[in-house]
Amino acid sequence: GRKGLCPVPDEPLPPERTLGFRVQKYGMHTWGDLFTARQKLALVTLARAVRELGASVPEAVRLAMALSMGKVLRHLNVLSKWHRGSETVAGSFGMHALPMSWDFPEMVWDCEFAGAYEDAVASVTEPVSGVVSAITRWGQIEVADATEHPLPDDAATVWFTDPPYYDAVPYADLSDFFFVWLKRTLPGHPLLRDPF
């Protein structure tokens, strides 16, 4: 049998009638089908480069590099569109869906435009730097059931959540667009375990 994940995401797309997905009728049935052969090669190469960084590279740098792939993914797929105003590639997800695109521009991942890897790294690291410098107290995160919070009743002065969207926006299905590549970039990372 096969050992580990296929380098190109071969997981199936959500079922055809899932809100936000209208590409299955056009022969796209796996997450990998959303990319051309050239795009797959670029993404597999980027994922491998991050995965194979030596032990001398801090974990935070590896995570930032892996998360940067998300912006590259938005722009480097067969559902991206041409942005006429700036003459660049407009990433997919102009709305909360992956609609069919009849023609698409194909950018080079290492160019100097929005959506390229260098721009993506800056998009991840600059906000993180700003937030980290503003933090006065560290918090704690935990994976837990949202219906049964793990905090004692008097532990927080404010408790907020997003309203229930139910199936109005298919966030979980759409996030797999990024997740299938992230788990190939950082295989075995504890934050990427899927308990469900």
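Which side chain makes a polar contact with the side chain of E11? The side chain of K183 does, at 3.0 Å. A polar contact here is a pair of N or O atoms within 3.5 Å; within protein, one must be able to donate a hydrogen and the other to accept it, and residues adjacent in sequence count only if both atoms are side-chain atoms.

This is a predicted model, in which local features need pLDDT of at least 70, side-chain atom pairs count only at pLDDT 80 or more, and totals for chains, interfaces and linings use all residues. Residues are numbered from 1 along each chain as its sequence is written, and side-chain values use heavy atoms, with hydrogens and water left out.

**Overall layout**

The protein chain holds four helices and two strands. Their order from the N terminus is α-α-β-β-α-α. Helices (H or I, at least four residues) and strands (E, at least two) are DSSP runs, numbered from the N terminus. The C-alpha trace spans about 55 × 50 × 45 Å along its principal axes. The chain has 196 residues, and 32% of them count as buried. Buried means under 20% relative accessible area, exposed over 50%, and partly exposed in between (1.4 Å probe, protein chains only). Among contacts with a separation of 6 or more, 62% join residues 24 or more positions apart. A contact means heavy atoms within 4.5 Å.

**Helices**

| Helix | Residues | First-to-last C-alpha | Expected |
|---|---|---|---|
| α2 | 17 residues | 26 Å | 24 Å |
| α4 | 15 residues | 21 Å | 21 Å |

The expected span is 1.5 Å times one less than the number of residues.

Helix α4 covers residues 171–185. It bends by about 40° at F177. The bend is the angle between axes fitted to the seven residues ending there and the seven starting there. F177 is itself buried, as are L174, V180, W181, L182, R184 and T185 of α4. The cover over these buried residues includes α1 (37–51) and α2 (59–75).

In α2, the buried residues are R62, A64, A66, S68, M69, G70, V72, L73 and H75. They pack against α1, β2, α3 and α4.

The axes of α1 and α2 lie 9 Å apart, at an angle of about 170°. These two helices are therefore roughly antiparallel. On the α1 side, the contact is made by L43, L46, A47, V50 and R51; α2 supplies R62, M65, A66, M69, V72 and L73. Axes are lines fitted to C-alpha atoms, for helices over the stretch in contact, and angles run from 0 to 180 degrees between N-to-C directions. Angles under 35 degrees count as roughly parallel, over 145 as roughly antiparallel, 65 to 115 as roughly perpendicular and the rest as oblique.

E11 sits in the segment before α1. Its relative accessibility is 17%, so E11 counts as buried. Beyond neighbours within four places in sequence, E11 touches L5, H29, T30, W31, V180, K183 and R184.

C6 is also in the segment before α1. With a relative accessible area of 22%, C6 is partly exposed. C6 and L73 are 67 residues apart along the chain, and their C-alpha atoms are separated by 17 Å.

S92 is in the loop between β2 (88–90) and α3 (117–134). S92 is buried, at 4% relative accessible area. Its side chain makes a polar contact with the side chain of N77, at 2.7 Å. Neighbours within four places aside, S92 is in contact with R74, N77, L79, S80 and L98.
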